[in-house]
Structure formats: C-alpha cells, structure tokens
Amino acid sequence: MSEKEIKKISGLEDLVKISEKLKSLMEGKTVISICSGTGCKAYSSDDVHGKIVEELQKKIKESKTNADNIVIKKTGCHGYCERGPIMVIHPGQTCYLGVKPEDAPDIVESAINEKVVEKLLYKDENGSSIEKENDIPFYKHQQRIIFDCNAKIDPYSIDDYIMIGGYQALAKALKEMPPDKVLSEVKKSNLRGRGGGGFATGLKWETTKNAAGDTKYVIVNADEGDPGAYMDRSILEGNPHSVLEGLIIAAYTIGANHGYIYVRQEYPFAVKSIENAIENAREYGLLGKNIMNSGFDFDVKVHRGAGAFVSGESSALMAAVEGNVGEPRLKYIHTAVSGLWSKPTNLNNVETYANIPHIINNGAEWFRSTGTPGSSGTKIFSLVGKVNNTGLVEVPMGVTLRDIIYKIGGGIKGGKKFKAVQTGGPSGGVIPEALLDLPVDFDELYKAGSMMGSGGMIVMDESDCMVNVAHYFIKFLADESCGKCVPCREGLRQLLYIYERIINGQGQVEDLKLLEDLCILLENASLCALGGTAQNIVVTTLKYFRQEYGAHIYYKACPAMVCKPLIRYEISSDKCSGCTRCVKVCPVDAISGKPKEAHAIDQSLCIKCGACMEECPEKYSAIAKSTGIFEYEKEKEAVFADKGQ
Amino acid sequence: MESTIKHEESAKSAVINKNINLFIDNKAVPAGSGDTLLLAARKAGIHIPALCYHEKIKPHGACRLCIVEIVKKGKSRIVASCAYPAEEGLQVFTESLKITEIRKHLVELYMALFPYNEEIKALAKKYGLKETRYHKENNYCILCGLCVRYCAEVKKENAIGFIGRGTSKKVAFIPDSSYFKYCVNCMECMDICPTGVFPSNYGIERLPQTSDF
Amino acid sequence: MVNMEKTNIKNLLGQLKNIGFRLTGTRKTILDIIISAKEGLSAEEIFISARKKNPEIGVATIYRNIKILEELMIIKRAGETENKNRYYLSENIGNLKINYFKKSVIGQKQQKKAGAYALVTSSPASRRQDTESFSFYNSGKIDRMQSQLNEWMSELDKIRREKEFKLEEIINDVSKIDAVLQKHQYSSENLIQMLLDFQGQYNWLPKHVLLYVSTKLKVPLTQVYGIASFYKFFNLEPRGRYQVIVCAGTACHVRGSVSLLQRITNVLNINPGDTTPDYKFTLDTVNCLGCCALGPVMMFNNKYFSNPSRKELEKLFDSVV
C-alpha cells in the first residue's frame, strides 16, 4: 500500500479516507494472517510464511486463482503461545493451530475453495472441532480489548492500524478536547498504572501537568524485567501504534514536547517494530512539528536498555536515560515534579498507554463498566508454568485465579496436582490453593501478601519445591540489585547464605527466625522497591508452606524431590534389565554394572544431573528419586515435641 | 495534586520566612528552608546516627542508619533523614518502637560487616547486641561511597569509582591510573573512610606513581 | 630505653640499606619524632612536628613515608581499637627479620632509569615480578594479598588472550570508533547506546575503545567503567564467536532450565559465563527471553530451541564453523 507521495494527515477526514480506501481494497478478499510474535517465530512461523507465499505463487501461475483474491499478512502475537504457530483466515475467522510448513499446500487450497483443513482445527475433550477463533475455550473466557487488534493488523503497516480506527482518538483529542478535558476523562476512568505500582494515572498526569516549568517529558517504560512476563513485548511487537497514540495524547495533555521509549535490549524485534512505527508516524505527520495542524509539536526517541532489572524502576530508568548508571535514587520529591534532568517527567507502562486511545474513543463510563470498582478495565496476564495452555490472556479485573488457571489455562499439565501460583514477578509472592478464589485486582492479592504486579502468573505443581523457588528469586534479586544500600545488598547476601545452608542440608532451627528478621529489615529500610518487596516471596512461602522448610531443616529431605543435595537417584534392582544405556550416558561414570546385570549408582560420585533417568527406557522405568535421611525419623517426635509445632 | 500545590506553596512561603518549625521527638525544632531533617536535628543537638553522610557532599542514602519515622496527615512513613527536606509542622520520631526494631536488625547486619566503627559499637551497646548471628563478611568496605563522591564532587578529580553491581560491587581506582593521573595523591579519601581500612586495602592495588620519595 | 631502641633501629636500617632502602631526610625526621614521643601520634601531629623542623615538607610526602615505614613494620598503626590512625614504634624491632620487600619501594630508581614509558606499559607480568617480594604483614592481610595475586594472574591470562585478538588492529582503526560516536552526536547522554553499538561490533568492549570514548566525550574514565561493569550486557573480556544463551526466567526454571544448563555444560565442557578455549562458544544465561511456552529455551545463532536433547545439541554445535 505505498503511495508515491505521502500526504500528511491533517485530521479525522484524512484518517477516515485512508481507512475507507483500505477497507474497500480488502472487500471480498480472503486474508491469511500468520502470527509472527517472538514466541511463534521460535516455532518457525517465518518458514510457514515463506512456504505459504511460495504455494500461492504456484497457484497463481496455475491460474487456479487471482493474485488479488488472497492476501497474506504477518501479524503480532495472538496470545495462545502454547499452540503456535497460529493462523487465522478472515473473514470466516477460521483458526488453525500448530501450523507447520508442510501444511502450506492444504491451507492455500482450502483458502481458495473456501473450505477448512480439519486436522489443524482445535479439538476439545470430546474430539469435536471448533472452527472460529473466538469459540475456542482459551479465547472465549477472555475479554480482549487491547489484544484483539494484534490479530488483525500487520505491525509494520500504519495503514492497517488506521483501518481499524487507529489515531482517531488522537484526532478527537487534538481537535475537540482541550488538555483539561482529556485529563478529566482519564481521571474519571480510574485507570491505574499497569506496570505494577497501580498508581492512579490521572493523578500522575495532573501532578506533572501542574508542576512548575516549561520543559516536560513523557517516558514509556518498556523494560519488562520480570522473568516470565512478556505482555509489553507482545504489545510493542504487535501493535506499536497504539502505544504511540497513547503517548502523544499524554504528551498533549501534560504539555510535553519530547518523549522517550525505554526498551530492554533482550527484545530486538520489539525495538525494530517500534522504530519502524515511529518512522511511519513521522511520514504521516503524526510525530514532529504541528501534528495534524493543531500547533502541537512532539517527537520521540528510542533508548535501549543493557541488561539490568533494576533499571526498570522509575528513578533508575531516568538515570539511565540521562546516560548515568541505572541506580535508583532517593525520591522524596516525586519524579512527576523533578525527574529527567530535574524537569517534570511522566512515566507510564506500555499497557497503560495502550488503554488511553480506547478511553478517549469510548469514554470513561465505558471503561469503568469493566472490572471492579477499585480497579477498572482489563489486564493482560502472562500465564506460564505448568498449565496446559500457556500464553497471554486478557481478562477484566475481578476474575478469580481459579477461572484463569482452570477455565482459560485448561488446568495443570500432565494431570498433576496444583500447588501454588506465583504472581507479580520477583516482587510478588505465592498463593496456595486455598486462596484460589481470590479475585485478581490491585488490592485483593496485596492483602494476601502477594501482588498483581505487572501481570506474571507462574503456575506450580507438586513437583516444584517452594524452598527452591524462594531461593531462585532471592538469587535473581541479589544478582540484579544495584548494591547501593546496605539492607538490600547485605540482606540479600545473608538470605542467600541461609538458603544455601538449608538446601545443602545444614539448616538450623534458628534459621527461620533469622529469615523473618531479615524480611523486616528489607521491607522497611531499603532505598527502593526492589529491596522493599524482596521479602514477599520469603514471607509467603514461610506462611503457606512452612512444613516444606521444616522438612528441609529437620529431616534433611525435599518433599518435591528438587533440591539436589537432598535427593538421591536410585536404580531399582527388580526393574533394571541391564541394558547399560544409563552407564554410557553418565557424565561422571558413577553407574556400575555389566550387561544383563542390575546396575547401581555410586552415590559419592553422582552429581544428580538426571541424565540416567531420562535415558532409561520407559518400559523399565528403573530409576527413581528418593529423599530424606531415615535416621532422623526417630528424632522427629522428640524435635516436634520440643518446638511445640 | 494537593500535595504538589502544598509543596509549591510551602516552598514559596519558605523563601519568604526562612524558619520552619518541626517537631523532633515531640520537641519543637527550628530549621532553615532548604535543610534536611538530619541537619535540623544536628543543629538542635539531637543525635541521629549516620555513616555515609558528609556536609560537603550531596546525600546518598546508602547506609540507612539515619532512618526516622515521620507522621504526616495521620500516615506514618520511614524515610532517610539525611535527604528528606524539612517541612512545616512535620512530626519526626528518631527512636519510635518501629525504628528501634529496624535499626537493631540493621546494626546486627553491620556487625557482620565491620564491627569496629565508633557509631556501630555505640549502637550495639545501646541495643544490647553482643554478637551477630549473621555470617561474618570481614569485607570491611561498607560501600558508603564517601570516597567516590568526595573525589567526584569536592575534588572534582573522579579518580575512584564503583565497579560492578549488587553483591559484587566494589570501590576501585580506575585501572591504568598511570595513564591518566586523575589521582592527585591528596589522600583525603583515606581520612574520610569511616572504616579506616581503605588505605591498606587499596595501597597495593594502585600502581606506583612516578613521584619523588 | 630510647638508646636501646636507637641501636636496634640502627641495626635494622643497616640491614635495609643492603637491599637498597634509603633513609631519606623525611624518613629520619618521622622516625625521630615517633621515637621521642611519649604516646601514639596521629598523622596530622607528625606532620605538624615535622613542619616545625623543616618548613618545606609537604603533607603528601609525610603521608607517603608514614605508609612506607608502616609497611616495613618499623612503626605500627593502632587502627582497630579506639584510637584509629595513631602511630607507635613497633615493639621487638630488634627481632624483626626483614625477609621481603616491595621492590616498588626500593627499585624506583632502576625503574625510573628505564623511563616513564616502561612504567606506563608495564604489564601485570613484570609488575608481578617486581612485587614478588612483599613486606611481611599479619596473616589477615596475606589473604587479601593472595586474592590480589590471583586477580593479577587472571589479568595476565586475559592480556595473553587479548593479544590473540590483534589489539593493534583495533587501536589503529580509530575512525571506526569515531563513526559510532558521530552517529550519536558526540553526546555523553547517549553513552550507553554507544557502548551497545561497540558491543555489537566487537563482541566485547576493548580497553582502548573505552579510553577513547572517555577522552573524546570528556567523561571520567571511572564513570565509563562503572557503566560498563554495571550492565550485564557488556563484556570486558573477549567472547566466543557463537553465543549459547539459556533462559533463566521463572517459567523456564520451573520447566527445568537447570537440567538443560547442566546438559549443555556436559556437552561443551565449560561453566556458565565462560568461553571455550578455542573462542568458539560462550555459554551464558539471560533473564527471560519471553518465549515461556517453549520452556526451557535455548537461543543459539538467533534461533530458539525448546529443550534440546543431548544428541541434538551435539549435532548443532558440530554443524557450525
């Protein structure tokens, strides 16, 4: 859709013109849209795309169809990452899952003849297929306001975004609404920050707007450092213009003329996508001087991160944009009053900005009609871990955890038993089964000791050890801490020592009290929120899974069979057939055994890598894990009687 | 919004009347308009411990010993007094129950780091801590950053800096300091070091300067 | 008592002279002051008394020589009790056996003869030879010196490996470095972006690039090193041609990234964070690539792999040049 001379957009009429033109071009055509988010790219969706293009060329040569009847489009992430690569055929909304390059001929054939490829459709428990995307259980229970657009547009084409109504909110704001009116609309909608803090966005904008000074800045925080969360990346890759539109509206409201987008270095495709979007927007006059002939100037610059989780904290991010080391600083004067280069700065998350165009287009009342009174609107979660349907889900606030994990997530993988769900990334905590009926919003999870955070939800089953999970997060935080203040740096260091002692079987009774004291220190005396929320994981695992800590300390056993120093791999002599496959694969030659004789593992050499268990053929299944030191069984009663537990 | 407006108003009014009145431990204390809580307390003779604070350098907030509890509009907060600006009518508590508990744990942590400092020893005595339950680091450098900031802000030489991040953070003279003689050998960083171990630790790491003996 | 001490000291100094230690006027002054004092003196007090004797002595000279005398254990500093920084004469000076000396203290003259250039480009190898002999410290400090020595040994290894990368070529091609600076408008705000470009170009950050950036942009070298060592993405030593990256995010951890890492370690024979000796592969972990549905994920050659088995790994690593 390239034009020789790109005319700058001057208002709503131009937008509608472009949209109508594209819609009429698309009239009557079949569109094959292939998901090209990073997740599906990893499943080689690019190869699928290449094959489909090839097939189509072949069919055109054979005159089976016209070049004009079928359009192939690469879209952003659809969300159902477990079953990628995903393909949707419009206008029928037929959804194919797990597409491989070899399926290309069938797909093109059925697209031409308006049929469906049965084997690629979703099958439910009874085996019957579901054709339409929105009928698939994963999508049916969601309410996809922001994410829906991902599946319809090519992120590298600004015209696609305009076709679905993009930039009309910007036109409305610039032409019909003075900044105060936009501000009051955002305030009324009760939009709260989606990056984890949950601060009222309207209030933040107002503080920045009213702060003294003429130079102001707006920043997009796309530093999604939480491991296991990738919502912001999918929005940036799949629909970058929505973020840009929200950013320009925010800048217009606050009175800022410069903006920055801070993207982390681990997201190269997101960087490419947003840079391309900025170029396209500049060509149309939607960025730069005199946007849409309104007299408002605004331009934006992309700033890449370099691998520091702590730089996602707002004051640390501003230090990094200024060119210094990304360390948080004391924030007794808000960054909204004195931020980047001591000027008033507004910082919001990617998803927050993506919500703004919808609020302006549909009104604050519409936004408030979804969600709970305290938390309006929808939220995107990344549901990962031991669920059947991993992926990105968008639900209204107030849906219970149980619904998300079982109805949308499809329950636990492999039919195992649910143990806990970890929410909020490293700043959050674990929630056990008893609390699964809690609604998910900003305030409810906070009362349980965890938090919603930026939306990461990691589901764990009976084969996950809670002590190991807490140790993992503390190690992550100790690695990512900036090291400036003593409580966080030294507190996390000491926490690591204690956890390593417990996992190595040298835990002592006093260790639990030490953990609790360190948690009090971390919560209150840290400089920034990294240290201030580091104790959530320790406190929640202690509160809900104290017996696991007890098992590690008293019985030197790991009930979930995860902590390596406390488990043993043993070969059952009844089941072993003497095939010597495990002997060959052991990296430290710890298995002894001649062919046709039962093998044995030398525990003093074993490094517990698990290679032997993976190698043992399923029909024998002779290798199993065991834990615990049985002498302690005798002392168990005495110990428990003493501690009165 | 209200807090910003009040902030601006108090900033404006502070310029007009130089003196603000706040309450530290229920005692009325006057303060200048740009003063921090620590400065106001020191002027009034109230002792708040601090390790990484120096009058000539901007506050850093790394040692966290100077934390106090402030009560504003009924809500209480824990802040570092070396950086929090004084406000009219603020209620400050330097030894409330909460602060005592937190500072006690903090001092216990310091005792595992560097127990020989005056301030730490006095606090340990005050809280009745004889021994620390934590693993002794014997690191001796508490990363207060006084040497780094002094060299950067007062001497403006920038000869010494932080290297690394998190638990592996260190203070080091830039490598190859003989290429660029940033260090003018004033040795004032050695006097400012609260642990006193700085010189002997880093006397070896520095390359010998080409100077007369 | 003073006389006996003076005799002991005289003997000691005689021994030292044989190795090349010179008793300069300043050092003599300091010793005299300390000997005749009744109690410990702080450095300022020594300076004041020394000034009285010789108004031209500088404070830095005094500090330096006090340090040297302390290293030789002629005077000792009470630093770990109440009176920090007070200097006393060491007891049992007569029994002191001077075994080792820092050649840098004594050998300045020889080094000076070789010229300042030699000093400036002295590699850790020659530095280590000079400082082979250390003055005798108490045992706590010997540990610190041991770790210092280990650090210098690894520095030496690093320099040896750097030579393989033909540092001269990198230094001579200043125009390439300048092009990156120009692209970011020579602005110190864009320091991190420039370093990212260098990391992409050279696959590590050579020392000379950092020096050039620091001089050209007038940013203190400590700040450049601070930034380069703060962020995980920057490497201050050479890396392999191919990066093997394992995702260490929570979702992959829960799905077994630890055993995947163990598997790769077994195949490549290196630990996470290290490079193979032939500079072909570097193994590293990263916090969340964002492909949680494929967990545990390994990224290699810009392609993602989901839980590859041992055989697949061996085939993959053998297939690249």
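This section describes a predicted model, beginning with the contact between two of its chains and then turning to single elements and residues.

In the contact between chain C and chain A, chain C contributes 38 residues and chain A contributes 58 residues. About 3700 Å² of area is buried between chain C and chain A, and carbon and sulfur atoms account for 56% of this area. On the side of chain C, the residues that lose the most area to chain A are C:Phe230, C:Thr250 and C:Val254. Together these residues give 16% of what that side buries.

Between chain C and chain A, 14 residue pairs are in polar contact, with both residues of each pair at pLDDT 80 or more. Four helices of chain C each supply at least two residues of the side that touches chain A: H12 (191-202), H14 (221-230), H15 (250-254) and H16 (257-268). By residue type, the side of chain C that touches chain A consists of 20 nonpolar, 13 polar and 5 charged residues. The number of salt bridges found across the interface of chain C and chain A is 3. A salt bridge joins the side chains of A:Arg304 and C:Asp197, with a distance of 3.3 Å from N to O.

Within chain A, strand S13 spans residues 418-423 and is mostly covered, with 6 of its 6 residues buried. Strand S13 of chain A pairs with two strands of chain A that are described here. With strand S15 (residues 456-461) of chain A, the pairing is antiparallel and extends over 5 bridges. With strand S14 (residues 430-432) of chain A, the pairing is also antiparallel, and 3 bridges join the two strands. Strands S13 and S14 of chain A form a hairpin in which 6 residues lie between them. In the turn of this hairpin, A:Gly424 has a positive phi of about 85 degrees.

A:Arg489 is part of helix H19 (residues 486-503) of chain A. The relative accessible area of A:Arg489 is 1%, so this residue counts as buried, since the cut-off for buried is under 20%. A polar atom of the side chain of A:Arg489 lies 2.8 Å from the backbone oxygen of A:Gly483. When neighbours within four places in sequence are left aside, A:Arg489 is in contact with A:Ser481, A:Gly483 and A:Lys484 in chain A, among others. The contacts of A:Arg489 also include residues of chain B, namely B:Ile142, B:Leu143, B:Gly166 and B:Thr167.

A:Ser592 lies in strand S17 (residues 591-592) of chain A. With neighbours within four places in sequence left aside, A:Ser592 is in contact with A:His599 and A:Ala600. From C-alpha to C-alpha, A:Ser592 and A:Cys582 are 9.6 Å apart in space, and they are 10 residues apart in sequence.

Chain B contains 7 helices and 7 strands. Read from the N terminus, the order of elements in chain B is α-β-β-α-β-β-β-α-α-α-β-β-α-α. Chain B has 213 residues, of which 54% are buried. Of the contacts in chain B between residues at least 6 apart in sequence, 53% join residues at least 24 apart.

In chain A, the peptide bond from A:Gly84 to A:Pro85 is cis, with omega near -10 degrees. A:Pro85 is in the loop between strand S2 (70-75) and strand S3 (87-90) of chain A. The peptide bond from A:His90 to A:Pro91 is likewise cis, with omega near 5 degrees, and A:Pro91 is in the loop between S3 and strand S4 (94-96) of chain A.

A positive phi, in a residue other than glycine, is found at A:Trp341, where the value is near 50 degrees. A:Trp341 is placed in the loop between helix H13 (314-321) and strand S10 (345-349) of chain A, and it is partly exposed at 26% relative accessibility. C:Asn203 also has a positive phi, near 75 degrees. C:Asn203 is in the loop between H12 and helix H13 (207-217) of chain C, and its relative accessible area of 25% makes it partly exposed.

Technical notes. Residues numbered from 1 in each chain as written. Chains lettered and ligands numbered in written order. Predicted model: local features only at pLDDT ≥ 70, side-chain atom pairs only at ≥ 80, totals over all residues. Heavy atoms only, no water. Contact = heavy atoms within 4.5 Å. Buried area = accessible area lost by both parts, 1.4 Å probe. Salt bridge = Lys/Arg side-chain N within 4 Å of Asp/Glu carboxyl O. Polar contact = N/O pair within 3.5 Å; in protein donor to acceptor, adjacent residues only side chain to side chain. Nonpolar A, V, L, I, M, F, W, Y, C, P; charged D, E, K, R; others polar. Buried < 20%, exposed > 50% of the residue type's maximum accessible area, 1.4 Å probe, protein only. Pairing = 2+ DSSP bridges.
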